[in-house]
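This briefing walks through selected features of one protein model, grouped by topic.

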Amino acid sequence: MAEGFLMETCVDSVESAVNAERGGAGRLELCSSLMEGGLSPSLGLLQVVKQYVKIPVYVMIRPRGGDFLYSDQEVEVMKKDIELMKSHGADGLVLGALNEDGHVDTELCMEFMAAARPLPVTFHRAFDMVLDPVVALETLISLGFHRVLTSGCDTSALEGLPLIKRLVDQAKDRIVIMPGGGITERNLQRILEGSGAQEFHCSARSSKDSAMKFRNTCVTMGAALSAPEYRLKVADVSKVRTLNALARNTL
C-alpha cells in the first residue's frame, strides 16, 4: 500500500485477488460479474480468496445488475447474503439501495447496517445515481456507513472530480470518500491531488488469452455485449504496482 493512500482493487477471481495483493493493494472489493459493475460473489469464491490473501476482503452485496430499487424478494436474498458472508470471513461489506425518487432508502439501509454489524460497510456507486448527492452524503453519515464509493455522479472519477472534491470537504472526516470509476495510471495523480481523497478504487485489469485450444467461435454464453469467451480480464500486478507508485509520489 502506498504510504498515505489506500488502494482498493475490485476483483472477481482468486487470480485477480492474489495479483492485487502482490501489487500492493490495501483492500479488495470481492465481486462477480464486473462487466455489470459488480454483483454478489459466491460463498466459495470468498472462502478460497481468504485462503490466499491476507489483506481485508470487502464483499459486494448486490443481487442483480441494473438499478438499486429492490423488491421484497431481492431484499431477502441480500439479507441472507450478508448473513452468510459475515459468517464465512468477510472483513467488510459493500452495498446500497435507493428509493424510486432517487434518495437513499434510509429504512432499508438501516436494516442492512443492523444485519452487517459489526462489520464496516461501504455504500457503493448507487450513490452516483442519487437525486441530491449533498443530502445523500449526510444520510449515509447518519446511518453509520464507513465510506462511499463514487465517480462524482459522472461517467468517471476524472469527470466527476469537482463534485468529489466538494464531497471530501463536506465529509470533514465523518465518512471516507473513495473515488472510483475509470481510474488509471494516466489520471490517478490528478484525481488524488484534485480531490484530497486518501483512498481510491480501481480494477487495474489487463486481458489475457484463454488457454483453450479448441474454440467454438460460433457460440457465446451471454448476450451480444458480454465478455468474449476466449479473453479473460484479471488484475495486473504491474498495473497495481504502477498505481501504488504514482499514489506514493502524489503530494
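Which residues does Phe 145 touch, not counting residues up to four places away in sequence? They are Leu 95, Cys 109, Met 113, Val 121, Thr 122, Phe 123, Leu 140 and Ile 175, where contact means heavy atoms within 4.5 Å. The model is a predicted one, in which local features need pLDDT of at least 70 and side-chain atom pairs count only at pLDDT 80 or more, while totals for chains, interfaces and linings use all residues. Residues are numbered from 1 along each chain as its sequence is written, and side-chain values use heavy atoms, with hydrogens and water left out.

**Nonpolar cores**

- Phe 145 is one of the residues with the most contacts inside the largest nonpolar core, which has 65 residues; Leu 28, Leu 93, Val 104, Phe 123, Leu 137 and Phe 200 are also among them.
- Apart from that core lies another, of 6 residues, including Cys 10, Cys 31, Leu 34 and Met 60.
- A nonpolar core is here a set of buried Ala, Val, Leu, Ile, Met, Phe, Trp, Tyr and Cys residues joined through side-chain atoms within 4.5 Å; buried means under 20% relative accessible area, exposed over 50%, and partly exposed in between, with a 1.4 Å probe and protein chains only.

**A buried glutamate**

- Glu 8 lies in strand 1 (residues 6-11), and this residue is buried, with a relative accessible area of 1%.
- The side chains of Glu 8 and His 201 are joined by a polar contact of 2.6 Å (a pair of N or O atoms within 3.5 Å; within protein, one must be able to donate a hydrogen and the other to accept it, and residues adjacent in sequence count only if both atoms are side-chain atoms).
- Leaving aside neighbours within four places in sequence, Glu 8 is also in contact with residues including Arg 27, Leu 28, Met 178 and Phe 200.

**Backbone features**

- Most residues other than glycine have a negative phi, and most peptide bonds are trans.
- Arg 117 and Pro 118 are joined by a cis peptide bond, with omega about 10°, and Pro 118 is placed in the loop between helix 4 (106-116) and strand 5 (121-123); helices (H or I, at least four residues) and strands (E, at least two) are DSSP runs, numbered from the N terminus.
- Cys 153, although not a glycine, has a positive phi of about 60°, and this residue is partly exposed, with a relative accessible area of 29%.
- Asp 173 has a positive phi near 70° and is exposed, with a relative accessible area of 80%.
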